[in-house]
Amino acid sequence: MDRPYYQTLVVSDLHLGSPYSKVREVSDFLASVDCKRLIMNGDIIDGWQLENSEDQKWTSWHSNFFKVILDMVERHSTEIIYVLGNHDDFLDRIAPVKMFGMRIVNDFIIDEKEHKYIVIHGHAFDSITTRLTFIARLGDIAYNALIRFNNIWNRARVKSGKPYYSLSQVLKQKVKEAVSAISGFEKDIELFARSKGCDGIICGHTHHPEDKMLHGVHYLNSGDWVESLTALSEDFDGKWKVIHYRDLVR
C-alpha cells in the first residue's frame, strides 16, 4: 500500500516522560506516514512528570520518537513546528528559536489555500491552568492516579469478557467540559481566532479531538496520545480530518 502523504499533520499532548504516554504508538504512526509539515502542538515533553517522578526514566522509545521525527526531515524535508504547552513550559525561556531543524514557538499561523488557521496549545484559555497553577498540578496527579486505576480495572474487565472502557477519559472530559463552561474556553478561542484574522483555530490541551464550527470559526483539536490516540491531517486541498490510530492498525 502507498504511504499516506499529507500537507500537514498535527499531534499534541504526547506527555513524553509520563508512564502513560503512548510513545510507541505515536512513533509507529509517524513512521508510517509522510507530510510536508508536522506540528507538535504542546505538552510533547512532560516536564512536570520528569521533574517529579522518581521511577519513570527516559527510555530508548522516547529517543526513538525523535529519531522518527529526524527521519521525516531527512526523507521529505518535513517542516517541524513545536508549539509550546503548559507541561513543556520549561522551554518558554528559549522560545521562539530554531534548533536541529525544528522551530519552537508559542503559536503558529497556517495561511494557505484560502484559509488561515492559528495553532496554539490552548492552556492560555483555561482559567484553572493560568490562574490556579497549583490546582492544575494537583489535577495532573489525580489524573495519573485515575489512569493507573483505569488500567487495573480494565484488566479485570477483559478477564471477565467485557470490552475496554476508559473511565479516566470519560471523567477527564466531564471535568474539561465543566471547566470550559465556567471559563468560556470555546468562546475565548473563537474570539482569539477572530482577533488574529483567522477563520480557524487548532488546539490541543483538552485531550479530546474536535472538528466543529464555533459561530463561523472552524475549531479543530488534535486530542492526545495518552488515551484518545488521535491526530489531525490536512490534505492538499486544504481539508482537515481527525485521524484515529485504532483505525490504522485494524
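## Overview

The chain folds into eight helices and twelve strands. Helices (H or I, at least four residues) and strands (E, at least two) are DSSP runs, numbered from the N terminus. This is a predicted model, in which local features need pLDDT of at least 70 and side-chain atom pairs count only at pLDDT 80 or more, while totals for chains, interfaces and linings use all residues. Residues are numbered from 1 along each chain as its sequence is written, and side-chain values use heavy atoms, with hydrogens and water left out.

Of the 250 residues in the chain, 51% are buried. Buried means under 20% relative accessible area, exposed means over 50%, and partly exposed lies in between (1.4 Å probe, protein chains only).

## Salt bridges around Asp-34

A salt bridge is a side-chain nitrogen of Lys or Arg within 4 Å of a carboxyl oxygen of Asp or Glu. By this rule there are nine salt bridges. One of them pairs Asp-34 with Arg-3, at 2.9 Å from N to O. Asp-34 lies in strand E2 (residues 34-41) and Arg-3 in the segment before strand E1 (5-11), so the bridge ties together parts that are 31 residues apart in sequence.

Asp-34 has another partner. Arg-75 also forms a salt bridge with Asp-34, and the closest N and O atoms are 2.9 Å apart. This pair links distant parts of the chain, with Arg-75 in helix H3 (residues 60-76) and Asp-34 in strand E2, 41 residues apart. How accessible are the residues involved? Asp-34 is buried, at a relative accessible area of 7%. Arg-3 is partly exposed, at 38%. Arg-75 is partly exposed too, at 39%.

## A bridge within a helix, and a network

Glu-190 and Lys-187 form a salt bridge with their closest N and O atoms 3.8 Å apart. Both lie in helix H7 (residues 185-195), three residues apart, which is about one turn of the helix. Glu-190 counts as buried, at 4% relative accessibility. Lys-187 counts as partly exposed, at 44%.

Elsewhere, salt bridges that share partners join four residues into one network: Arg-37, Glu-79, Arg-103 and Glu-112.

## Where H1 meets H3

Helix H1 (residues 23-31) packs against H3. Their axes come within 9 Å and cross at roughly 15°. Axes are lines fitted to C-alpha atoms, for helices over the stretch in contact, and angles run from 0 to 180 degrees between N-to-C directions. H1 and H3 are therefore roughly parallel to each other. Angles under 35 degrees count as roughly parallel, over 145 as roughly antiparallel, 65 to 115 as roughly perpendicular and the rest as oblique.

The crossing of H1 and H3 is left-handed, a term for the near helix being turned anticlockwise from the far one by less than a right angle, while clockwise would be right-handed. Which residues make the contact? From H1 come Val-23, Arg-24, Val-26, Ser-27, Leu-30 and Ala-31, and from H3 come Trp-61, His-62, Asn-64, Phe-65, Val-68, Ile-69, Met-72 and Arg-75. By class, the contact has nine nonpolar, three polar and two charged residues. Here Ala, Val, Leu, Ile, Met, Phe, Trp, Tyr, Cys and Pro count as nonpolar, Asp, Glu, Lys and Arg as charged, and the others, Gly among them, as polar.

## Backbone exceptions

Most residues other than glycine have a negative phi, and most peptide bonds are trans. His-15 has a positive phi of about 55°, although it is not a glycine. His-15 sits in the loop between E1 and H1 and is buried, with a relative accessible area of 5%.

His-215 has a positive phi as well, about 50°. This residue lies in the loop between strand E9 (210-214) and strand E10 (217-221). Is His-215 buried or exposed? His-215 is exposed, with a relative accessible area of 66%. The peptide bond from Ala-95 to Pro-96 is cis, with omega near -5°. Pro-96 lies in the loop between strand E3 (79-83) and strand E4 (97-99).

## Glu-51 and Gly-17

Glu-51 belongs to helix H2 (residues 47-52). Glu-51 is exposed, at 57% relative accessible area. Glu-51 and Gly-17 are 34 residues apart in sequence, and their C-alpha atoms are 9.2 Å apart in space.

Conventions
Contact means heavy atoms within 4.5 Å.
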